[in-house]
Amino acid sequence: MKNIWFRIWRFFRRYTERRNLVFTIVGCLTVLSVMTFGTIYVLAQPASTSSERPAVKAPNLGRHFQEFGREGSILIYDSKNNRTYEHNPQRNATAIAPASTFKIFNALVALETRVVPDDVAVLTWDGIHREIDTWNHDTNLRQAFKDSTVWFYQVLARRAGYERMQQFINKVGYGNRQIGTAADIDHFWLQQQLLQITPKEQIKFLHRLYQGDLPFSQRTINLVKDIMVREQTPDYTFRGKTGWLTSTKPEVGWFVGYLEQNKNVYFFATTLDMQKPEDAPARIEITRRSLKDLGLLTQIN
């Protein structure tokens, strides 16, 4: 009799354990189902559009080139909003010689190496008459930058020397870094087959200059920024440098720089096919009109 009761008790015990195991498995599956479907439900929710940036209509910058009847390109970078405006993207990615826009880099090297002590130290004109009258006299770094006096910056490059110039070019990563041989030290930025840079790379270089993210002292950077100023009002500061590449057909004009306005910085690089001296102002005017399309370079009351 005792054996019978023992068998009955053992049967019910096994039954109970199995039932508890089933309940446990079912419970786990239920929890997992809730978790899984809950996750799917959350992922399926539409993203909130309340914080999305409104679409910005890009201005037609190409029309300014059409007005002047010239081929060219422009790239404007709005640094605060990380937004780019451009005309002719393919040309903005094509490398050409920097021409006199390289005077920005050349001035940095000259000041850093102390081949010229400051922006007002005068170099004596060599007496060689050149085609631009403003080049035919003694001058300093600041005035030579404004007049784009080629011989002055050629002297600076020769004094800095091939090795130091190449070292700075490499440290900065300027363009394709090709400055030729020691014999090319005073004209490598003027020859299409040597140093080349794209408008996009010009923007990156200028952005680093603005931020002080270049291998030059703060004194050097501040001086070069100052000599780059073309216009300064209570509302904005406009910095830039022109260039004219004559070793290509057609010849190409540059205008690069940046505008500080509305607690923001706008970097620009413009290129323009040049046919005659009268085309020179168009580089600057097209840039100004393009910036005005963005609501800039206007008087703020």
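## Basis of the model

Residues are numbered from 1 along each chain as its sequence is written, and side-chain values use heavy atoms, without hydrogens and water. In this predicted model, local features need pLDDT of at least 70 and side-chain atom pairs count only at pLDDT 80 or more, while totals for chains, interfaces and linings use all residues.

## Helix 4 and helix 6

Helices are DSSP runs (H or I, at least four residues), numbered from the N terminus. The axes of helix 4 (residues 103-113) and helix 6 (residues 150-160) cross at roughly 45° and come within 10 Å. Axes are lines fitted to C-alpha atoms over the stretch in contact, with angles from 0 to 180 degrees between N-to-C directions.

The two helices are therefore oblique to each other; angles under 35 degrees count as roughly parallel, over 145 as roughly antiparallel, 65 to 115 as roughly perpendicular and the rest as oblique. Contact (heavy atoms within 4.5 Å) involves residues including A107 and A110 of helix 4 and L156 and A157 of helix 6.

## Helix 4 and helix 7

The axes of helix 4 and helix 7 (residues 162-172) come within 11 Å and cross at roughly 120°. That angle makes helix 4 oblique to helix 7. Among the residues that meet are F105 and V109 in helix 4 and F168 and V172 in helix 7.

## The loop residue F216

F216 lies in the loop between helix 8 (199-211) and helix 9 (218-227). F216 is buried, with a relative accessible area of 7%; buried means under 20%, exposed over 50% and partly exposed in between, for a 1.4 Å probe and protein chains only.

Not counting residues up to four places away in sequence, F216 touches F105, L108, V109, E112, F168, V172 and I221. F216 and E112 are 104 residues apart in sequence and 6.4 Å apart in space, C-alpha to C-alpha.
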